[in-house]
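Open the model in your viewer and keep the selection tool at hand. The stops below go from one selection to the next.

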Amino acid sequence: MPYLVGLAVVVAAFAFWLLFVRRNKPRARGTDLTELRQAENKVKVSAPILRRDIDILERYGSEVLQDAIELRRAQILRGDHPDSPGQP
C-alpha cells in the first residue's frame, strides 16, 4: 500500500510539472534553435553581443543570459558598442 501512495505522488508531481512548469518555457525549434545556439556560442567565445542575442537568450530562458548581459555591458563600457553600424 505505501508503494501505491508513493507512486501516486510521483505521477501527480510529474503531471503537475508537465502541465504547468514545462508549458511556461517556450522551446526553440528550427531556425530559432539555430539562433539560440549562435547567441550562446557568442557568449562562450566573448564575441560582440547584440541586443538581439540577449532577446533570444531571454525568450528561451538560456542559462548564459546573465553572462551575456554582463559581457554586453563590459563591451559597451569599453567603447566597443556591438550594435553600432561601423562594427563588423
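Start by selecting L71: setting aside residues up to four places away in sequence, L71 touches K42, V43, S46, A47 and I49. Keep in mind that this is a predicted model.

Now widen the selection to the largest nonpolar core, to which L71 belongs along with L36, A39, V43, I49, I54, I56, L57, Y60, V64, L65 and A68. The core has 12 residues in all. Which helices each supply at least two residues of this core? Colour helix 2 (31-44), helix 3 (51-59) and helix 4 (65-77) to see them. In soluble globular proteins, nonpolar side chains tend to be buried together.

Next, select helix 3 and show the side chains of D53, I54, I56 and L57, which are buried. Why do these residues lie on the same side of helix 3? They do so because they cover an arc of only 160° around the axis. What do the buried residues of helix 3 pack against? Display helix 2 and helix 4, and the packing partners are in view.

Step past the end of helix 3 to G61, which follows the helix and has a positive phi, near 65°.

Finally, go to helix 1 (residues 2-21) and pick L4, which is found there. Is L4 buried or exposed? Its relative accessibility is 56%, and the cut-off for exposed is over 50%, so L4 counts as exposed.

Note on methods:
Residues numbered from 1 in each chain as written. Predicted model: local features only at pLDDT ≥ 70, side-chain atom pairs only at ≥ 80, totals over all residues. Heavy atoms only, no water. Core = buried A, V, L, I, M, F, W, Y, C linked by side-chain atoms within 4.5 Å. Buried < 20%, exposed > 50% of the residue type's maximum accessible area, 1.4 Å probe, protein only. Helix = DSSP H or I, 4+ residues; strand = E, 2+ residues; numbered from the N terminus. Contact = heavy atoms within 4.5 Å. Arc of directions from axis to C-beta.
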